[in-house]
Every structure is written in C-alpha cells, then in structure tokens.
Amino acid sequence: MLRLFATSVRNCKRSLSLENCRRSVIAFGNHERKMSSAPLNGKFGLPKRYGDFSPSVWVEYIQLAAEYKPINLGQGFPDYHAPKYVLQALADIANSPNPLMNQYTRGYGHPRLVQALAKLYGGLVNRQINPMTEVLVTVGAYEALYCAIQGHVDHGDEVIIIEPYFDCYDPMVRYAGGIPRFIPLKPKKTSGEISSEDWVYDEAELEALFNEKTKMIILNTPHNPLGKVFNRKELEKIAELCIKHNVVCISDEVYEHMVFEPYEHVRICTLPGMWERTITIGSAGKTFSVTGWKIGWAYGPNNLLTNLMTVHQNCIYTCSTPIQEAIALGFEHELKQLASPECYFNSISKELKPKRDYMAKFLREAGMTPTIPQGGYFMVADWKALARKVDLNQESDKYRDYRFTKYMTKNVGLQGIPPSAFYSEGNKHLAEDFVRYCFFKTDGVLEQAADILKKWK
C-alpha cells in the first residue's frame with residue numbers, strides 16, 4: 001500500500017500534471033478503501049449485546065430541528081441563562097491563580113463538591129452521609145444511571161421499569177445482560193382537567209412483576225415526561241415490595257426541586273428500610289439549569305455505591321475539576337439560604353408554574369388535552385382531537401405520535417417529542433395520541449408557540 005502511494009507521488013512529479021496527480025491519488029484511495037473494507041464485514045460489527053442499533057429519538061429530532069428550524073419545545077433545557085452566581089463561579093475558577101483547579105481531581109468526586117452534596121442531602125434525608133464513601137460524582141445523571149445499572153445488574157437479572165421512562169433505562173439494562181420488565185402508568189380519566197396525579201400504576205400488576213429474579217426497580221420522581229410526583233402511598237407500596245423481595249431501588253430524582261404546590265417530593269430512601277437498598281440520582285444540569293455542564297451524582301449506602309465506583313473508575317475515572325468546583329460553590333451559596341424564598345431550589349418551581357399554566361392554556365385553546373404536571377418542566381398533551389387537521393400519511397413512521405410530531409415540525413413550525421419513544425415495544429400504542437412539550441423556555445418563545453397554534457387552528 002505504501003509502495004502504491006509512493007508510485008502515485010512519483011507519477012505526479014514526473015508528469016507535472018495536476019490531472020494525472022489527481023487520478024493517481026484517487027486510485028490509491030480506492031485501493032485503500034478496498035483493502036480496508038473487506039475484513040470489516042461481519043467481524044467488526046456492533047457487539048450482539050447492543051442488539052439492533054438505531055438512532056435515538058434525540059438524534060432524529062435534533063436533526064429535524066436543524067433542518068426545518070421550528071419553535072423547538074422538544075428538547076428539555078432552558079433557553080436562557082442559569083443563576084448569575086453559578087456562571088460567575090465557573091469564570092472565576094477557570095482563571096484561578098491555583099493551577100490545580102484546571103487539573104485532574106479526585107476520581108469519585110471533587111472533595112469540595114462531595115462535601116457540599118453530603119451536607120445538603122444529609123439534611124434532606126435526615127441522616128449523616130459520608131462524602132467520601134456514600135457520594136459519587138458522575139458525567140451527568142446519565143452516567144450515574146449507567147454505573148448503577150452496570151454495577152448491580154448481572155446476566156438474567158430482572159429490572160422493573162415504570163413506563164413511560166427516560167429512554168436510556170431500557171438499553172442500559174439490556175447492555176448489562178438484564179431483562180427489563182415493564183409496568184405502564186395509565187390515566188384514570190381521559191377528559192376534563194387531567195393531572196399527572198391521575199396517571200397511576202396498577203398495584204396488582206406491579207406486585208406480579210416481583211419474583212426471585214428481580215434485582216432492581218427504576219423509579220423516576222418527579223417524572224419525565226408526565227410530571228408525576230409519586231405520593232407517599234405509592235412509594236410505600238414500592239418500598240414494601242422492594243423489602244419483601246430484597247430488591248435495589250434506583251431513584252432518579254433529577255427534577256427534585258421542581259415540584260409545584262401543594263405537592264411534596266418524598267424521597268423513597270427516607271422510608272423505613274429503604275436507605276439500605278436505594279441509590280438516589282441527582283443532576284447539576286437540572287438543579288442549576290446548566291445541562292451542558294454534564295455533572296450528576298449518586299448517593300446511598302457505601303456497600304451499594306462501591307459497585308458504581310468500580311464501574312466509574314474504569315470508564316470515566318474523573319469529571320471536570322473547574323465545573324465541579326463551580327457547582328460546589330453554587331451549593332455552598334444555596335446552603336446558606338435553604339429556608340429562604342430566595343433560594344434557587346425554592347424559587348425555581350415558582351418561576352416555572354406560570355409557564356406551565358400558560359402552556360396548558362394555549363394547548364387547550366388549540367384543541368389538545370394537556371396533562372397538568374405536578375413537577376418537572378414537561379407537559380404531555382392528547383392531540384387526537386386535531387387528527388382531522390393533520391395529514392399523517394405524509395410520514396411513514398409506524399407510530400402516530402411520530403407522524404404527528406414530524407408533520408407539526410415540517411408544516412406548522414412547532415416541534416414536540418413523540419412519547420412512544422419512552423415506552424417498550426409492547427406498550428408504545430398507549431402513547432400514540434400524545435405529544436411531549438417542554439415549558440422551560442423564555443416567555444417570548446412560549447408566546448410564539450401559542451401564536452403558531454392559534455394561527456394554524
């Protein structure tokens with residue numbers, strides 16, 4: 001191969017012809033591709049444990065947004081700045097006179113950050129948390145989920161997943177060799193004023209899923225995409241089954257501070273017998289509205305966290321030092337005013353509630369039936385009353401919610417996310433009449449969305 005390339009170069013020099021040179025280099029490139037592609041067939045395909053690869057809904061819909069430039073209410077992030085003191089902390093640290101602020105830090109979490117996390121959550125769950133052994137800092141809550149599942153699920157273990165679910169839960173369980181078992185939340189009513197509180201699991205159905213093979217249940221509260229805040233009675237039932245069958249609970253609580261009055265976020269690890277079997281996951285991206293910083297964490301008893309640390313140290317090893325330091329400073333700032341209305345953890349839900357109510361209003365006026373969330377910053381809405389206005393035949397996707405959201409993106413200029421992406425194959429039909437929107441956007445963007453729907457109607 002090298003001789004062929006050298007011959008190509010010599011030919012260029014001898015002929016002094018740009019066209020001959022171009023042809024020689026192309027011939028070399030074609031030969032190289034032919035030589036390199038042959039052994040790749042089959043042998044270097046995606047490992048079988050990953051199943052049939054297909055791009056996630058995020059890959060597809062980000063591309064759609066880039067191409068059609070709709071008002072994007074699909075992706076879950078704010079489109080305006082985080083608290084100024086958090087941003088300023090990062091700027092100051094990046095220019096710190098201490099050179100170590102831009103070098104590697106402790107693998108399991110920057111000391112200043114794990115101490116702040118232990119102090120915060122120790123107070124919230126009313127127990128002393130060891131910052132060095134009971135807290136792990138990760139690359140976003142995403143990695144915390146990955147480490148928790150990889151660190152505890154073995155081949156043949158069953159994992160109960162409540163639907164709808166954040167779409168990485170299912171593949172992460174399968175990659176670990178586990179077997180996902182699904183239970184859907186279903187609305188008790190389908191007309192009138194519907195709250196996420198109305199979406200419930202069937203107790204008998206849940207109980208039937210637990211058996212001697214059950215290793216784990218994954219809980220998400222406040223919930224994405226429904227905005228459901230699981231109440232104490234619902235959590236006590238889950239806890240009862242976890243204790244009875246000796247099951248670990250992964251509690252994804254990244255929207256923990258976004259709960260609307262009069263609802264209360266109950267941490268399942270505070271229920272009797274549950275600290276010993278719960279891994280709780282949080283996110284700086286959600287807590288401080290800086291999703292691009294990609295810092296998350298897990299906390300829980302050392303014997304459970306050790307497994308996560310083992311996966312983390314051989315996968316990521318350590319996270320960004322200056323970002324961890326900035327987040328630590330943010331927590332220290334808020335720890336001084338936890339009881340105050342000025343605390344960001346208290347004010348964020350008050351900031352989001354008017355946005356939630358405004359979105360619910362303009363979706364109703366457009367003819368949809370929204371589910372009013374108890375927490376988080378997403379809203380699902382039933383769009384089937386608009387079916388006569390939408391030509392679903394323009395799209396070829398299997399599920400109607402995909403066809404609806406693509407039609408709306410391309411023809412109306414408003415993008416949402418199809419919630420069937422958050423269901424197992426057998427239950428995707430439950431979500432086909434719904435769409436998910438994010439209301440953590442500027443008032444101006446929400447007003448544009450309302451205007452688009454009004455004009456379209």
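**Entry 1: cavities.** I looked up the lining of the largest cavity and found Pro-164, Trp-199, Pro-225, Leu-226, Val-380, Pro-419, Tyr-423, Ala-431 and Phe-434. A cavity here is a set of points, on a 1 Å grid over the protein atoms alone, where a 1.4 Å probe fits but cannot get out, and lining residues have an atom within 4 Å of a point. The model is a predicted one, in which local features need pLDDT of at least 70 and side-chain atom pairs pLDDT 80 or more, while totals for chains, interfaces and linings use all residues. Residues are numbered from 1 along each chain as its sequence is written, and side-chain values use heavy atoms, without hydrogens and water.

The largest cavity holds about 50 Å³, a volume being the space filled by probe spheres set on the points, which are joined across faces, edges and corners.

I then turned to the second largest cavity, of about 30 Å³. Its lining includes Pro-164, Tyr-165 and His-223, and divides into 6 nonpolar, 2 polar and no charged residues. Strand S8 (residues 214–220) gives the most to this lining, with 3 residues; strands (E, at least two residues) and helices (H or I, at least four) are DSSP runs numbered from the N terminus.

**Entry 2: Asn-427.** I located Asn-427 in the loop between strand S14 (414–415) and strand S15 (434–438). Asn-427 counts as buried because its relative accessible area is 18%, the limit being under 20% with a 1.4 Å probe and protein chains only. Beyond its neighbours within four places in sequence, I found Asn-427 in contact (heavy atoms within 4.5 Å) with Glu-163, Phe-182 and Pro-184. With Glu-163 there is a side-chain to side-chain polar contact at 2.6 Å; such a contact is a pair of N or O atoms within 3.5 Å, one able to donate a hydrogen and the other to accept it, and residues adjacent in sequence count only if both atoms are side-chain atoms.

**Entry 3: helix H12.** I recorded 12 of the 15 residues as buried, among them Ile-323, Phe-331 and Leu-335. At the start of H12, a side-chain oxygen of Ser-320 comes within 3.4 Å of the backbone nitrogen of Ile-323.

Terms used. Buried means under 20% relative accessible area, exposed over 50%, partly exposed in between (1.4 Å probe, protein chains only). On a 1 Å grid over the protein atoms alone, a cavity is a set of points where a 1.4 Å probe fits but cannot get out, and a pocket is an open set with protein on both sides within 12 Å along at least five of seven lines; lining residues have an atom within 4 Å of a point. Ala, Val, Leu, Ile, Met, Phe, Trp, Tyr, Cys and Pro count as nonpolar, Asp, Glu, Lys and Arg as charged, and the others, Gly among them, as polar.
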